[in-house]
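Below are some comments on the model, arranged as numbered points that take up helix packing and then charged pairs.

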Amino acid sequence: MSEPAAGWLTEDQQRVWRNYLLAQTHIAEYLEDALDTFGLSLAEYELLVRLSESPNHTVRMGELAASVGHSRSRLTHTVKRMEQAGWIARTTCEVDGRGVQAHLTDEGFALLKRAAPAHVDSVRRVFVDAIDPDDYAALGRAVQATLAVTDQQGHGGRLGP
C-alpha cells in the first residue's frame with residue numbers, strides 16, 4: 001500500500017473520517033427520532049437543556065448561541081419558533097437593559113422534563129453503551145482536541161469563516 005500524495009489522507013485516515021461523518025449523521029437521526037415524539041428537534045432540546053441549567057433559567061442570546069455552537073442568526077430563528085410554541089420567552093436583559101435574553105417558560109421546562117428520559121435513553125443506546133469504556137475515554141480526549149482547534153480559530157464549534 002502506497003502513501004498518499006502530500007496533503008491527502010491515508011486510507012486509514014479516510015476510513016475513520018468517513019465513518020465519523022456517517023456516524024454523526026446516523027446518531028443525529030437516531031436522537032431526532034426519539035425527540036420527534038415530543039415535537040422537538042435536537043437543537044431545540046439542547047436549548048431547553050442549556051436554559052434549564054442556567055440561573056433563573058435565563059441566558060443572554062449571545063451566550064446561548066456560543067454555548068450550543070450556533071450563529072446568532074440561527075439561534076434567533078430557532079428561539080422565535082420556540083417562543084411561538086410557548087417554550088421560551090425573550091426579554092430585555094435585566095443586568096444592563098440592552099441585550100436580549102432567553103428565558104425557559106414553565107411550559108418549556110415541563111416539556112423538557114417529559115422528553116429528557118427518552119432522550120437520555122437514546123443517547124445511552126446509540127452512543128454511551130455502544131462504546132467500550134476505554135474507547136469512550138479516548139473519544140472524549142479526541143473531541144476535546146478537535147474543539148480546542150476550532151475554538152482557537154474562533155469558530156466556537158461552528159464551521160465557517
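1. In this predicted model, the side chain of Glu 83, which is partly exposed with a relative accessible area of 29%, meets that of Arg 90 in a salt bridge with an N to O distance of 2.8 Å. Arg 90 is likewise partly exposed, its relative accessible area being 29%.

2. Helix H1 (residues 11-36) and helix H5 (residues 106-128) have axes that come within 9 Å and cross at roughly 155°. Because angles over 145 degrees count as roughly antiparallel, H1 is described as roughly antiparallel to H5. The crossing of H1 and H5 is right-handed.

3. On the H1 side, the contact is made by Ile 27, Tyr 30, Leu 31, Ala 34 and Leu 35, which meet a set of H5 residues including Ala 115, His 119, Val 123 and Phe 127. The residues of this contact of H1 with H5 divide into ten nonpolar, two polar and one charged.

4. Arg 125, one of the H5 residues that H1 meets, also forms a salt bridge through its side chain with Asp 121, at 2.6 Å from N to O. Asp 121 and Arg 125 lie four residues apart in helix H5, and are therefore separated by about one helical turn. Asp 121 is partly exposed at 37% relative accessibility, and Arg 125 is partly exposed with a relative accessible area of 46%.

5. A further salt bridge joins the side chains of Asp 129 and Arg 124, with an N to O distance of 3.9 Å. Here Asp 129 counts as exposed, at 55% relative accessibility, whereas Arg 124 counts as partly exposed, at 43%.

6. The count of salt bridges comes to six, among them the pair Arg 90 and Glu 83.

Definitions and conventions:
Residues numbered from 1 in each chain as written. Predicted model: local features only at pLDDT ≥ 70, side-chain atom pairs only at ≥ 80, totals over all residues. Heavy atoms only, no water. Axes fitted to C-alpha atoms, helices over the stretch in contact; angles between N-to-C directions. Helix = DSSP H or I, 4+ residues; strand = E, 2+ residues; numbered from the N terminus. Parallel < 35°, antiparallel > 145°, perpendicular 65-115°, else oblique. Left-handed = near helix turned anticlockwise from the far one by under 90°. Contact = heavy atoms within 4.5 Å. Nonpolar A, V, L, I, M, F, W, Y, C, P; charged D, E, K, R; others polar. Salt bridge = Lys/Arg side-chain N within 4 Å of Asp/Glu carboxyl O. Buried < 20%, exposed > 50% of the residue type's maximum accessible area, 1.4 Å probe, protein only.
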